[in-house]
Amino acid sequence: MSIAPAEGTAMGVCDVCGNTYDKMIAVTSGGMVGNFDSFECAIQAMAPSCAHCGCRVIGHGVESDGRIFCCAHCAREVGEHALTDRA
Ligand SMILES: [Zn+2]
Ligand SMILES: [Zn+2]
């Protein structure tokens, strides 16, 4: 994932909340591109959700069998015992 100031335009419209803002941030991740007025909106749109507790995974997270968890604890709760926190 890379984060960079949106180029060119002075004003942009947030993909999530529709707010117009003059310092947009553009986020690209895995081929998706989003333009946001805040990191809060970027997280809302781009961050995966923990497969166990549903919280937004904005840190390292852990991944197993294509599922993403916020922490190794959540992975263990659903039976993934091989994982440990990497953070
Ligand atoms: Zn927004
Ligand atoms: Zn979790």
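## First zinc site

Because Cys17 lies in the loop between strand S2 (12-13) and strand S3 (20-21), and Asp37 in the loop between strand S5 (32-36) and H1, the pair ties together parts that are 20 residues apart in sequence. Helices (H or I, at least four residues) and strands (E, at least two) are DSSP runs, numbered from the N terminus. Cys17 counts as partly exposed at 46% relative accessibility, whereas Asp37, at 15%, counts as buried; buried means under 20% relative accessible area, exposed over 50%, and partly exposed in between (1.4 Å probe, protein chains only).

The zinc ion (ligand 2) is held by Cys50 (SG), Cys53 (SG), Cys70 (SG) and Cys74 (SG), at 2.3 to 2.4 Å. Its four donor atoms subtend angles of 105 to 114 degrees, and the arrangement is therefore tetrahedral. These donors follow the spacing C-x2-C-x16-C-x3-C along the chain, and distant parts of the chain are linked by the pair of Cys53, in the loop between H1 and S6, and Cys74, in helix H2 (residues 72-77), 21 residues apart. Cys53 is partly exposed at 44% relative accessibility, while Cys74 is buried at 5%.

## Largest pocket

The largest pocket holds about 380 Å³ of space and is lined by 20 residues, of which Met1, Ala47, Pro48, Val57 and Ile58 lie nearest its centre. Strand S4 (25-29), helix H1 (39-46) and strand S6 (62-64) each supply at least two residues of this lining, with H1 giving the most, four residues.

## Basis of the values

Residues are numbered from 1 along each chain as its sequence is written, and chains are lettered from A and ligands numbered from 1 in the order in which they are written. In this predicted model, local features need pLDDT of at least 70 and side-chain atom pairs count only at pLDDT 80 or more, while totals for chains, interfaces and linings use all residues, and side-chain values use heavy atoms, with hydrogens and water left out.

Conventions
On a 1 Å grid over the protein atoms alone, a cavity is a set of points where a 1.4 Å probe fits but cannot get out, and a pocket is an open set with protein on both sides within 12 Å along at least five of seven lines; lining residues have an atom within 4 Å of a point. Grid points are joined across faces, edges and corners, and a volume is the space filled by probe spheres set on the points. Donors are N, O and S atoms within 2.8 Å of the metal (3.2 Å for Na, K and Ca); water is not among the atoms, so sites may look incomplete. Four donors count as tetrahedral if all angles lie between 85 and 135 degrees; four count as square planar and six as octahedral if opposite donors are over 155 degrees apart and all others between 65 and 115; anything else is irregular.
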